[in-house]
Protein chains: 2
Amino acid sequence: MIKRTINRLFIYKNALNHFKKLGFVKVFSDNLADAVGVTPSQVRKDFSAFAISGNRRGGYRVNDLLENINKILGKNKVEEVIVVGSGNIGRALIRYNEGFMKENIKIVAAFDTDSSKADRDNAIPILPFEEMADFIREKGIKVGIIAVPDGAAQHVFEVMANAGIKGVMNFAPIMLKGTPTAVISNVNLALELENIIYYVNAGESAAYL
Amino acid sequence: MIKRTINRLFIYKNALNHFKKLGFVKVFSDNLADAVGVTPSQVRKDFSAFAISGNRRGGYRVNDLLENINKILGKNKVEEVIVVGSGNIGRALIRYNEGFMKENIKIVAAFDTDSSKADRDNAIPILPFEEMADFIREKGIKVGIIAVPDGAAQHVFEVMANAGIKGVMNFAPIMLKGTPTAVISNVNLALELENIIYYVNAGESAAYL
DNA sequence: ATATTTTTGTGATTTTTTTCACAACACTAT
DNA sequence: ATAGTGTTGTGAAAAAAATCACAAAAATAT
């Protein structure tokens, strides 16, 4: 699978934007490798997988490379996403919206089962969960973020999937089951921390997890 | 490397606690596999790597298994961690502390360069960044979370590392360089979302990222 | 007792991912 | 022109991870 390659492509893109901002016109595979924490071969192999080419001896022109990568990753239009759950994580994501905007991601609404939390006047409105399915269908939303308590996540997912959601970022530490129509990515910050703590206590001195 | 195995062990642990709560006394490798989204062989291979054994035909006794896993993952005492940056992410993490507590992780303080944000009376105090190094040394803190703007992350990391931090969860989308004495785990929510969006737009119908 | 069934534990195999290593090329200097 | 140098692009090799597949063991049934 080229899943990892795709993921790295996003990371290269990021590094390239940095380089560009710093005024670089050309980069070499080892510049990117350093910036991103992989080997130069890895960088070249990744590019090779998508037939991105540079100049032997001349490296890659930052602009061309960015253009190529952007074409592959296809990020031109803003993607509208919704958040379900307005607890700590949900609210943090909403507030972080500016950060997402830089990557062409826009949180357009949040939903909560506790309808007393509804707030339609907010820049990013918080709406009753019952309205979610219609909202998804009407606006053609494709991506949703699940930031609800564990017990509610499966149900939320099913409603989302039925309404046509195609991708989900799930913060609940459970495996979402059913409808194999959506791409799912689980994010679990406590798990991430537990891993770090494990290696620290194991006396691991340096590693990227 | 057994990095992935360790990570899965944490996930199995989680699932086992669920099973236990539901009253299960025994589990089979395929129960765990289902719960966690891997193959039964994978589960057994993982256990095998740490010489955890069950009963042929009888599966694994939930309690024994949990005990074994906990012994390997070594999580008995609470790990005290600090957060640097009291922006959206930092504050969200602080508020999420209850969630971490379930996993024996406790955020004991936050730090911010903007000393006007200081708040010593909070349950989790927010302190001026200048006090961080001493705090780390005095309390013997091993793990820190970097939730500051990109530009500040490297500096924060260096101060942390010098003060003795051994593990870092980094929310800034940059490669932290230098002092190879700390385990580093990068978390990038925008990147995660970008990946999801990529697969959604690529028409990928079902996948776990 | 014996046969049958179920599930583990693991060596062998396959698949995936990364690294190596070097020819091909392009640029520079002489 | 020619030699020298630095960097790509990519097959080949190595390493890492996942899956297969099946004998061995344990429980149950006959």
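In which sense do E7(B) and E8(B) pair, and over how many bridges? E7(B) and E8(B) pair in the parallel sense, over 4 bridges, where two strands are taken to pair if DSSP finds at least two bridges between them, and where helices (H or I, at least four residues) and strands (E, at least two) are DSSP runs numbered from the N terminus. Within this pairing, B:Val168 has B:Ile184 of E8(B) as its bridge partner.

The structure is a predicted model, in which local features need pLDDT of at least 70 and side-chain atom pairs count only at pLDDT 80 or more, whereas totals for chains, interfaces and linings use all residues. Residues are numbered from 1 along each chain as its sequence is written, chains are lettered from A and ligands numbered from 1 in the order in which they are written, and side-chain values use heavy atoms, with hydrogens and water left out.

The two strands belong to an open sheet of 7 strands with parallel pairing, whose order is E9(A)-E8(B)-E7(B)-E6(B)-E3(B)-E4(B)-E5(B). E9 of chain A and strand E5 (126–128) of chain B stand at the edges with a single partner strand each, so one side of each is left without a neighbour in the sheet. Strand E9 (residues 207–208) of chain A pairs in the parallel sense with strand E8 (residues 183–186) of chain B over 2 bridges; here A:Tyr208 has B:Ile184 as its bridge partner, and A:Ala207 stands opposite B:Val183. Elsewhere in the sheet, strand E3 (residues 79–84) and strand E4 (residues 105–112) of chain B are joined in the parallel sense by 6 bridges, with B:Ile107 in E4(B) as the bridge partner of B:Val81. Helix H8 (residues 150–163) of chain B lies across E3, strand E6 (143–146), strand E7 (167–170) and E8 of that chain, and runs at about 170° to E6(B), the axes being lines fitted to C-alpha atoms, for helices over the stretch in contact, and the angles running from 0 to 180 degrees between N-to-C directions.

Between the chains, 68 residues of chain B are in contact with 68 residues of chain A (heavy atoms within 4.5 Å). Together the chains bury about 6,100 Å², 64% of it on carbon and sulfur atoms, where buried area is the accessible area (1.4 Å probe) that two parts lose on being put together, summed over both. The count of salt bridges between chain B and chain A is 2, a salt bridge being a side-chain nitrogen of Lys or Arg within 4 Å of a carboxyl oxygen of Asp or Glu; A:Lys13 and B:Glu194 meet in a salt bridge at 2.7 Å, N to O. Helix H9 (residues 189–201) of chain B gives the most to the side of chain B that touches chain A, with 13 residues.

Over all chains, a search of the whole structure finds 12 salt bridges. One links the side chains of A:Asp46 and A:Arg8 (2.7 Å, N to O); A:Asp46 lies in helix H3 (residues 40–49) and A:Arg8 in helix H1 (residues 3–21) of chain A, so the pair ties together parts that are 38 residues apart in sequence.
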